[in-house]
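Please look at the sequence and the 3D structure shown here. A short report on them follows.

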Amino acid sequence: MTRHLCMDCGAALSGDEIALHKKIICRAAEQYYCMDCLAAFCSTSRERLEQLVSYYHRTGECILFAKQENTHAGQME
């Protein structure tokens with residue numbers, strides 16, 4: 001598995017940070033910003049970007065963000 005780093009500060013990136021960069025900046029991107037650097041680049045707050053990530057997870061409106069599912073739902077103990 002390839003480890004991606006922020007192209008500005010060098011921080012290790014999560015899958016959500018890569019997906020958000022692709023959603024906002026460019027789907028074909030091969031280098032990415034971390035959440036803080038992306039917020040600065042877009043003149044917004046980290047909290048606003050985290051809200052966007054949460055929205056895309058909840059709604060499933062973007063294929064870049066895997067919809068979160070409760071893997072324990074319906075399982076008997």
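## Ground rules

This is a predicted model: local features need pLDDT of at least 70, side-chain atom pairs count only at pLDDT 80 or more, and totals for chains, interfaces and linings use all residues. Residues are numbered from 1 along each chain as its sequence is written, and side-chain values use heavy atoms, with hydrogens and water left out.

## Overall fold

The protein chain has 3 helices and 0 strands. Along the sequence, the pattern reads α-α-α. Helices (H or I, at least four residues) and strands (E, at least two) are DSSP runs, numbered from the N terminus.

The protein chain has 77 residues, and 29% of them count as buried. Buried means under 20% relative accessible area, exposed means over 50%, and partly exposed lies in between (1.4 Å probe, protein chains only). The protein chain exposes about 5,600 Å². Carbon and sulfur atoms supply 49% of that area. Accessible areas come from the Shrake-Rupley method with a 1.4 Å probe; for residues, only the protein chains shown count as cover.

Contact means heavy atoms within 4.5 Å. Take the contacts in the protein chain with a separation of 6 or more: residues 24 or more positions apart account for 38% of them.

## The core

In soluble globular proteins, nonpolar side chains tend to be buried together. A nonpolar core is a set of buried Ala, Val, Leu, Ile, Met, Phe, Trp, Tyr and Cys residues joined through side-chain atoms within 4.5 Å. In this model, the largest nonpolar core has 19 residues. C6, L13, L20, L49 and F65 touch the most other members. The elements that give two or more residues to this core are helix 1 (15-24), helix 2 (35-41) and helix 3 (46-59).

What does C6 contact, leaving aside its neighbours within four places in sequence? The partners are A11, L13, Y32, Y33, C34 and C37.

Helix 1 has the buried residues E17, I18, A19, L20 and H21. The buried residues of helix 1 pack against helix 2 and helix 3.

L38 is found in helix 2. L38 is buried, with a relative accessible area of 1%. Leaving aside neighbours within four places in sequence, L38 is in contact with L20, H21, I24, I25, Y33 and L49.

H57 is found in helix 3. Its relative accessible area is 10%, so H57 is buried. The side chains of H57 and D16 are joined by a polar contact of 3.0 Å. A polar contact is a pair of N or O atoms within 3.5 Å; within protein, one must be able to donate a hydrogen and the other to accept it, and residues adjacent in sequence count only if both atoms are side-chain atoms.

## The surface and loops

I24, I25 and F41 make a nonpolar surface patch of about 260 Å². Patches are made of residues with over 30% relative accessible area and no salt bridge: like charges are joined within 9 Å, nonpolar side chains (Val, Leu, Ile, Met, Phe, Trp, Tyr) within 5 Å. I25 lies in the loop between helix 1 and helix 2. I25 is partly exposed, at 36% relative accessible area.

S43 lies in the loop between helix 2 and helix 3. S43 is exposed, with a relative accessible area of 68%. Phi of S43 is near 55°, a positive value in a residue other than glycine.

## The salt bridges

Side chains of opposite charge can pair when their charged atoms come close. A salt bridge is a side-chain nitrogen of Lys or Arg within 4 Å of a carboxyl oxygen of Asp or Glu. How many salt bridges does a search of the whole structure find? The search finds 2.

| Salt bridge | N to O distance |
|---|---|
| D36 and R46 | 3.1 Å |
| R46 and E50 | 2.8 Å |

D36 lies in helix 2 and R46 in helix 3, so the pair ties together parts that are 10 residues apart in sequence. R46 and E50 both lie in helix 3, 4 residues apart, about one turn of the helix. An α-helix has 3.6 residues a turn, so residues three or four places apart point the same way.

D36, R46 and E50 are linked in a network of salt bridges. D36 is partly exposed at 46% relative accessibility. R46 is partly exposed at 31%, and E50 is partly exposed at 35%.
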